[in-house]
Amino acid sequence: MKRVWTAVLLVVCCAFVMTGCQSSPQVAPSDLPAWALMPPEGGISAVGSAKIGPAGTNFARTEAASNARDEIARSINVKVKNMLKNFTETTGVGDDTTVDKVFTNVSKQVAKVDLTGSQIKKVHKDDANQEIYVLVALQPEAVSGVAEAMKQAAVTSYKNDKALWQKFQAKKGQEELDKEIEKEFGGM
């Protein structure tokens, strides 16, 4: 028990020392345009940013536009794989009891969308932070095409082979999880 209290006291002391050595960050009021902080509503658009480095402003502009297009693609269609693991274990008796806890969260996102008609609409160069912001939007005719494609995908996916495959994969994943739980914890 003394070891536990010593460890807790050591952690608390370290926390006080570390917070005492840090200075409060000075937050300057943002001079960014409103569209850089929140893209305008209506249509499909996104903002990307990039630091201006040795490769120059044009390279940073291209990188920022790429980041914005990536954001648009993920807002239209994204496949997400996610796995959560949670494990808690106690050992010992009485005052010598210890608790070990592990939580793991792994996520992967992939987007695949044709963004024909996406264009850079606005650019802002923040000289103070050496960063460039780009607003990219899809043209109205492209937006209506994306909306129609999404509608068709929703209508046809109900009975197609991909939907059945996804159900099978979900069932298989649940069975794998059940097996892992059974292996780890035995019959509950």
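I started at Glu182, which sits in helix H5 (residues 161-185). Helices here are DSSP runs of H or I with at least four residues, strands are runs of E with at least two, and both are numbered from the N terminus. I am working on a predicted model, where local features need pLDDT of at least 70, side-chain atom pairs count only at pLDDT 80 or more, and totals for chains, interfaces and linings use all residues. Residues are numbered from 1 along each chain as its sequence is written, and side-chain values use heavy atoms, with hydrogens and water left out.

**Cover of Glu182.** I looked up its accessibility. Glu182 is partly exposed at 47% relative accessibility. The cut-offs: buried is under 20% relative accessible area, exposed is over 50%, and partly exposed is in between (1.4 Å probe, protein chains only).

**Strand S5.** I went to S5 (residues 131-138) next. Eight of its eight residues are buried. Glu131, Tyr133, Leu135 and Ala137 point one way, while Ile132, Val134, Val136 and Leu138 point the other way.

I then checked its neighbours. Strands pair if DSSP finds at least two bridges between them. S1 (residues 45-51) runs antiparallel to S5, with seven bridges. In that pairing I found Gly48 opposite Val134. S4 (residues 118-126) is also antiparallel to S5, joined by eight bridges. There Gln119 faces Ala137. The S4-S5 hairpin has four residues between the strands, and Gln130 takes a positive phi near 50 degrees.

**Salt bridges.** I searched the whole structure and got four. The test is a side-chain nitrogen of Lys or Arg within 4 Å of a carboxyl oxygen of Asp or Glu.

Which residue does Glu131 pair with? I found Lys51, with the closest N and O atoms 3.7 Å apart. Glu131 is in S5 and Lys51 in S1, so this pair ties together parts 80 residues apart in sequence. Glu131 is buried at 14% relative accessible area. Lys51 is exposed at 52%.

I moved on to helix H3 (residues 57-76), where Asp70 and Arg74 are four residues apart, about one helical turn. Their side chains form a salt bridge at 2.8 Å, N to O. Arg74 also meets Glu71, at 3.2 Å, N to O. Those two are three residues apart in H3, again about one helical turn. Shared partners join Asp70, Glu71 and Arg74 into one network. I noted the cover as well: Asp70 is partly exposed at 36%, Glu71 is partly exposed at 36%, and Arg74 is partly exposed at 31%.
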